[in-house]
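Have the structure open beside you as you read.

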Amino acid sequence: MERRVVITGMGIWSCLGTSLDEVRQSLYDGRSGIIFSQERKDAGFRSPICADVPRANLKPYLNRNLRQLMPEEAEYAYMATMQALEHARLDQDYIDQHEVGVIYGNDSVAEDTMVALDKFRQFGGTAACGSGAIFKSMNSTVTMNLATLFHLKGINLTASAACASGSQALGLAFLLIKNGLQDCIVCGGAEENNMYGIAAFDGLQAFSKREDDPTHASRPFDRDRDGLVPSGGAATLIVEDYEHAVRRGAPILAEILGWGFSGNGDHISTPNVAGPARSLELCFISAGVKPTDIGYVNAHATSTKIGDAREAQAIAQIFGDYRVPVTSTKGQTGHEMWMAGASEIVYTTLMMKNDFIAGSLNFENPDEETACINVVPETRESHFDMFLSNSFGFGGTNSTLIVKNL
């Protein structure tokens with residue numbers, strides 16, 4: 001018998017805030033977390049706009065030896081996970097006595113890899129890299145750190161799927177729990193926010209050039225969008241079997257009903273319509289619901305010309321005549337990369353639990369390709385009990401989740 005999969009805790013560390021209450025208020029108020037970075041301008045960035053994500057201070061929680069094994073994104077993930085575990089009422093005694101797993105999205109570690117190799121070249125010996133360099137530079141750095149710091153003894157896996165990584169982590173946890181292989185999994189996504197992680201991305205001319213107006217730079221679906229804005233941080237969700245959550249008296253926030261995924265099988269960076277549409281279609285089949293059951297769509301839309309257009313066409317194809325409300329929280333946050341698929345579940349769950357839809361910031365006019373969907377430009381008081389969230393990434397990797405209010 002397939003089991004129900006629920007969300008019992010959430011934690012967030014983002015440019016919109018470092019607590020659920022702060023982030024909820026930022027979403028409602030339409031506050032932007034985007035700034036102009038003089039450091040990036042001086043370094044030679046074509047686009048010196050980025051999210052303002054505060055660095056985490058782990059000194060009160062971890063000793064220096066442990067902190068030396070953690071890159072920036074693992075620091076964010078640690079803070080988000082502490083919040084999520086507390087929110088889910090999962091204390092260390094319970095974790096120590098049960099098999100709690102971890103699946104986290106992460107697809108690169110740039111700064112710490114660069115620092116270690118620079119030391120190797122500078123000093124002419126590998127010992128100069130330092131004893132913690134290997135643990136800080138691996139894609140699996142977040143899961144290895146979270147698993148050891150919180151003594152997680154279940155599944156220990158990194159989802160590395162470009163900008164769908166966070167969503168794929170939740171989807172994989174959904175499948176494992178649904179099929180009885182795990183009872184409880186710590187899930188999420190993390191992204192470093194330093195300039196080195198996205199320097200090559202800037203070289204592709206994929207970022208907005210609105211350096212004189214940073215808060216209006218990220219404008220998903222808008223006619224005048226000119227590129228995305230890089231961001232980072234971490235988001236953690238505690239995902240459990242429903243009966244397991246009930247037995248331990250956990251607060252049950254929402255239920256994951258379905259997961260859809262697909263590959264475009266096409267260009268490495270330019271998306272098509274068929275791949276995303278298939279991801280949505282499979283998610284509806286998995287969830288056993290209809291498009292008209294969905295009260296809101298949190299779109300992947302990153303503020304790029306082609307990406308937003310193709311997603312709009314995919315949504316329109318699947319939803320047909322039903323004009324479901326659509327927004328992209330990336331208008332406020334920029335593109336949180338490997339974190340986005342998880343953080344946007346947190347953002348949307350906060351909206352659902354508080355009866356509002358955060359407007360798609362900076363959406364003023366559609367173009368001929370995005371006019372086919374119902375983009376909500378400003379915060380709207382709205383009750384909905386089911387939402388769909390899209391995440392798409394380089395290489396044509398697509399992930400879609402449907403979540404229901406409980």
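The notes below go through pockets, cavities and a surface patch in turn.

This is a predicted model, in which local features need pLDDT of at least 70, side-chain atom pairs count only at pLDDT 80 or more, and totals for chains, interfaces and linings use all residues. Residues are numbered from 1 along each chain as its sequence is written, and side-chain values use heavy atoms, with hydrogens and water left out.

**Pockets**
- A pocket here is an open set of points on a 1 Å grid over the protein atoms alone, with protein on both sides within 12 Å along at least five of seven lines; its lining residues have an atom within 4 Å of a point.
- Of its 33 lining residues, Ser-269, Pro-271, Thr-304, Gly-307 and Phe-394 are the closest to the centre.
- H13 gives the most to that lining, with 6 residues; strand E14 (386-393) also supplies at least two. Helices (H or I, at least four residues) and strands (E, at least two) are DSSP runs, numbered from the N terminus.
- By class, the lining of the largest pocket has 12 nonpolar, 16 polar and 5 charged residues. Ala, Val, Leu, Ile, Met, Phe, Trp, Tyr, Cys and Pro count as nonpolar, Asp, Glu, Lys and Arg as charged, and the others, Gly among them, as polar.
- The second largest pocket has about 220 Å³ and 13 lining residues, with Gln-68, Cys-129, Gly-132, Ala-133 and Lys-136 nearest its centre. Helix H6 (111-123) gives the most to this lining, with 4 residues.

**Cavities**
- A cavity is a set of grid points where a 1.4 Å probe fits but cannot get out, and the whole structure has 2 of 30 Å³ or more.
- The largest cavity holds about 50 Å³, and its lining divides into 8 nonpolar, 2 polar and 1 charged residues. Helix H13 (residues 305-319) gives the most to this lining, with 3 residues.
- The second largest cavity has about 40 Å³; its lining has 3 nonpolar, 4 polar and 2 charged residues, including Glu-191, Pro-230 and Met-337.

**Surface**
- Phe-135 sits in helix H7 (residues 133-137), and H7 supplies at least two residues of the lining of the second largest pocket.
- Phe-135 is partly exposed, with a relative accessible area of 38%; partly exposed lies between buried (under 20%) and exposed (over 50%), with a 1.4 Å probe and protein chains only.
- Together with Ile-134 and Met-138, Phe-135 makes a nonpolar surface patch of about 260 Å².

Key:
Patch = residues over 30% accessible without salt bridge, like charges linked within 9 Å, V, L, I, M, F, W, Y side chains within 5 Å. Areas by Shrake-Rupley, 256 points an atom, 1.4 Å probe, with all protein chains shown as cover. Salt bridge = Lys/Arg side-chain N within 4 Å of Asp/Glu carboxyl O. Points joined across faces, edges and corners; volume = space filled by probe spheres on them.
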